[in-house]
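Subject: Handing over the structure

Dear colleague,

I am passing this structure on to you, together with some notes on what was found in it. Please look through the sequence and the model before you read on.

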Amino acid sequence: MRRHLLGIRGMTRTELENHLENALSFGEVSGRDIKKVPALRGKTVINLFLEPSTRTRASFEIAGKWLSADTINIGEDSSVKKGETLADTARNLEAMSPDVLVVRHRESGAPHLLAKLLTKCSVINAGDGLNEHPTQALLDCLTLKHHFRDRAEGISGLRIAIVGDVRHSRVARSNIWAHLLLGNEICLVGPPTLVPAEFADPRAFGGNIRISHSLGAGIEGSDVVMCLRVQRERQDEHFLPSLEEYTTEYGVTESKLRKFAPQAVVLHPGPVNRGIEVSSEVIDGPRSLVTQQVTFGVAVRMAALFTLATGTAGQREQSQNE
Ligand code: NCD
């Protein structure tokens with residue numbers, strides 16, 4: 001059993017599938033009248049979020065609380081602002097004996113550094129720089145597993161188009177690792193500045209990835225269109241000539257979906273720039289799974305916290321029934 005959850009990279013397919021199975025078993029808690037199980041009573045979870053977050057942070061906190069763990073949240077107003085290093089912050093937090101430290105950080109590799117440094121508590125990566133966001137990929141896969149539950153091959157052999165700002169997206173990277181493991185076809189779609197050719201180099205992800213700089217050709221026949229947020233905070237880096245031009249070429253609209261991928265369901269990790277990378281008609285329409293993604297996010301995080309805090313995935317049923 002691994003002590004940390006740092007990325008999808010390096011996982012085996014069985015590990016990935018076990019995560020999804022565990023998460024499914026926690027999913028029913030959200031439908032209960034009293035949403036609390038005693039599984040992590042007496043355990044402590046610290047959420048250290050040194051970058052903005054709504055969904056990920058709220059769902060880690062809810063997940064911890066539903067499992068009866070004591071959850072503490074530390075945000076961007078921590079002493080890191082006073083110049084304390086991340087390593088010192090983490091060592092001090094570990095001195096208070098948490099069982100799990102959930103970390104979001106703008107530097108790629110920050111959670112990996114903490115995992116090396118901390119000897120007693122587990123680390124979960126809640127998004128590090130441009131690198132990975134493993135629980136997002138897990139919740140995306142869980143949403144698809146639920147949606148395609150009647151499909152004989154499950155979520156294997158799907159055609160997945162990932163559209164938009166792939167270059168800056170840790171969500172895209174974690175999903176690429178996940179869908180390669182699951183045996184899905186991946187096409188990355190966007191302008192060359194946001195979808196650079198290196199992504200298709202077998203040395204990057206070690207699998208077969210297609211790139212398309214045309215939205216129509218890229219999403220054609222897809223089962224899943226995953227839209228990514230245009231990271232407007234990076235607009236001054238000149239990756240796009242203008243947002244209007246981006247939207248005309250790559251904005252996902254219902255008419256383009258009807259034409260090129262009529263069967264496709266749509267995912268988006270949030271936050272959504274409505275009318276930029278995707279239209280409101282799509283996001284609010286019947287093919288959108290975005291609300292389900294958020295709901296499944298809690299189950300995925302419950303499973304991750306439970307597995308790491310107890311060092312076991314096998315006791316979940318027993319704990320839930322206590
Ligand atoms: C993403 C993130 O922070 O990586 N959001 C999320 O966690 N749901 C995606 C983004 O900010 O574009």
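A residue is called buried when its relative accessible area is under 20%, exposed when that area is over 50%, and partly exposed in between, with a 1.4 Å probe and the protein chains only. The model is a predicted one, in which local features need pLDDT of at least 70 and side-chain atom pairs count only at pLDDT 80 or more, while totals for chains, interfaces and linings use all residues. Residues are numbered from 1 along each chain as its sequence is written, and side-chain values use heavy atoms, with hydrogens and water left out.

By that definition Ser68 is buried, since its relative accessible area is 18%. Ser68 belongs to the loop between helix H2 (55-66) and strand E2 (70-74), where helices (H or I, at least four residues) and strands (E, at least two) are DSSP runs numbered from the N terminus. Its phi is near 70 degrees, a positive value in a residue other than glycine. Ser97 likewise has a positive phi, near 60 degrees, without being a glycine, and this residue is placed in the loop between helix H3 (86-94) and strand E3 (100-105). Ser97, however, counts as partly exposed, because its relative accessibility is 49%.

The side chain of Arg104 has an N or O atom 3.0 Å from an oxygen atom of the ligand, and a polar side-chain atom of His133 lies 2.8 Å from a ligand oxygen atom. From Pro269 it is a backbone N or O atom that lies 2.8 Å from a nitrogen atom of the ligand. Taken alone the ligand exposes 320 Å², of which the protein buries 90%, the areas coming from the Shrake-Rupley method with a 1.4 Å probe.

Two residues of this shell deserve a further look. Pro271 is found in the loop between strand E9 (265-267) and helix H11 (280-283).

With kind regards

Notes. Polar contact = N/O pair within 3.5 Å; in protein donor to acceptor, adjacent residues only side chain to side chain.
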